[in-house]
Amino acid sequence: MDKSTAAQSAADLIADRLASPEQAHTWNLAHGWWPQSLANGAIGVALLHIERARTGLASWQRAHNWLACAAAGGAVGGSGSHLFYGAPALAFALHAAAVDRPDRYARALHTLDQHVTATIRDRLENAHARIDRGELPALAEFDAIRGLSGMIALLMRREAHADLAREVVTYLVRLTEPIKDNGELLPGWWSDLSPSGSHSPDFTGGHANSGMAHGIGGPLAALSLAMLHGLTVPGQDEAIERICSWLDRWQRQGPAGAWWPYWVSRDQLRTGDPGSGPSRPSWCYGTAGLARAQQLAALALHNIERQHGAEEALLGAVTDPGQLDQITDASLCHGFAGLAHLTQLAAADAITPGLPQSLPHLLQRLLPTGPQTLTDSLLAPLDGPADIGLLEGAAGVALALHSTHAGTSVATTWNACFLIN
């Protein structure tokens, strides 16, 4: 069985095992039962069935059943909601289902739009007030998972949110402006918390997070994607350049090429030493996600030199056994599914040769013993609970495998929540 066929076979097996929310609800799940979670629950599984129905591989009924499950208790709004949970997550999935048929779920989307608007306006007001006070941000204010960067993935695809999307981009531009803390000039995204989002003696003075999931990689990708979609505000190109200049400052060269630290602590800022590396390449942290973000920045700014550099860094990461051996799972977030999907997307935009040729090897790492074994490891593991989720579980792996076989198109929206497309 060739790699493309094996990929689709595995995606089919996973989707069939995830046919029914009623059945999945009875399983021992790694993250429990969270219907309104795009990351770990029913909305992520619905996204898998939406994409398969959109490409003609399955009926829309499975997608509808999972969406109905997610919406059954009413949408969760307010400060606890974000792109990966609650009303914005549900709106993201419903919009994906309505891309080629705008009347589908129109009433529900109209209601959710109002909740999303209220939530984001409140968060923007708080963020600007924080900047006005000269305080440092929490990661959850701006990151891709819980923050305003992630919201861009929904806003710039919903015509009703065009003005609001521009307001979020304006905030992201402001986020990149330097800020003073105890007399020391820091990048505007410097947080006085640890990478976990809490205070820690290991991060006295805070840190600057580089990751796509929780760091400045998310705003860089969001600003770049907005520009590529024709959504621009004053200072946007300068903001992209500021982030790229910071990444250039902390870029290091290893035997396989460029890499970046996961974060920079206050001590590291003063010594200029980011520590040893490279660490595991993945979407959430590491070279792969940051390389894609910088490739998008280069495309937005028409910077050929930066595009070559980003693509060479990704190619080095995906062909270096030392880095690949640090990956221990299949997931989209930090496993081989995410790395393969990032590589596929980057290769489609690349001007540097080599990325398409690396994809079969990544799929071999993901499917070393075949589709059934992979499916069982995710949904019927011998040594622990199942994981149905988009971020770390079966739905995300199946979506990456489906895209490997089917490719991507203008109508593909599921991966937008990762700020990579």
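## Report on a predicted single-chain model

Among contacts in the chain between residues at least 6 apart in sequence, 68% join residues at least 24 apart; contact means heavy atoms within 4.5 Å. This is a predicted model, in which local features need pLDDT of at least 70 and side-chain atom pairs count only at pLDDT 80 or more, while totals for chains, interfaces and linings use all residues. Residues are numbered from 1 along each chain as its sequence is written, and side-chain values use heavy atoms, with hydrogens and water left out.

**Overall form**

The chain holds 19 helices and 6 strands. Helices (H or I, at least four residues) and strands (E, at least two) are DSSP runs, numbered from the N terminus. Along the principal axes, the C-alpha atoms of the chain fill a box of roughly 60 × 50 × 40 Å. Of the 421 residues, 57% count as buried. Buried means under 20% relative accessible area, exposed over 50%, and partly exposed in between (1.4 Å probe, protein chains only).

**The α13 and α14 pair**

Helix α13 (residues 287-301) packs with helix α14 (residues 304-318) at an angle of about 160 degrees, and their axes are 8 Å apart. α13 is therefore roughly antiparallel to α14. Axes are lines fitted to C-alpha atoms, for helices over the stretch in contact, and angles run from 0 to 180 degrees between N-to-C directions. Angles under 35 degrees count as roughly parallel, over 145 as roughly antiparallel, 65 to 115 as roughly perpendicular and the rest as oblique.

The crossing of α13 and α14 is left-handed, a term used if the near helix is turned anticlockwise from the far one by less than a right angle, with clockwise being right-handed. On the α13 side, the contact is made by Thr287, Ala288, Ala291, Gln294, Gln295, Ala298 and Leu299; they meet Arg306, Gln307, Ala310, Glu311, Ala313, Leu314 and Ala317 in α14. By type, the residues of this contact are 8 nonpolar, 4 polar and 2 charged. Ala, Val, Leu, Ile, Met, Phe, Trp, Tyr, Cys and Pro count as nonpolar, Asp, Glu, Lys and Arg as charged, and the others, Gly among them, as polar.

**Ser149 and Leu419**

Ser149 lies in helix α8 (residues 148-155). Leaving aside neighbours within four places in sequence, Ser149 contacts Phe142, Asp143, Ala144, Leu172, Gly218, Pro219, Ala222 and Leu419. Leu419 itself is found in the segment after α19 (394-406). The C-alpha atoms of Leu419 and Arg133 are separated by 29 Å, with the two residues 286 apart along the chain. Arg133 sits in the loop between α6 (106-132) and α7 (139-142).

| Residue | Relative accessibility | Class |
|---|---|---|
| Ser149 | 0% | buried |
| Leu419 | 1% | buried |
| Arg133 | 53% | exposed |
| Asn182 | 75% | exposed |

**Backbone details**

Leu419 has a positive phi of about 55 degrees although it is not a glycine. Asn182, also not a glycine, has a positive phi of about 55 degrees. Asn182 is placed in the loop between β1 (179-181) and β2 (184-186). The peptide bond from Gly277 to Pro278 is cis, with omega near 5 degrees. Pro278 is in the loop between α12 (266-271) and α13.
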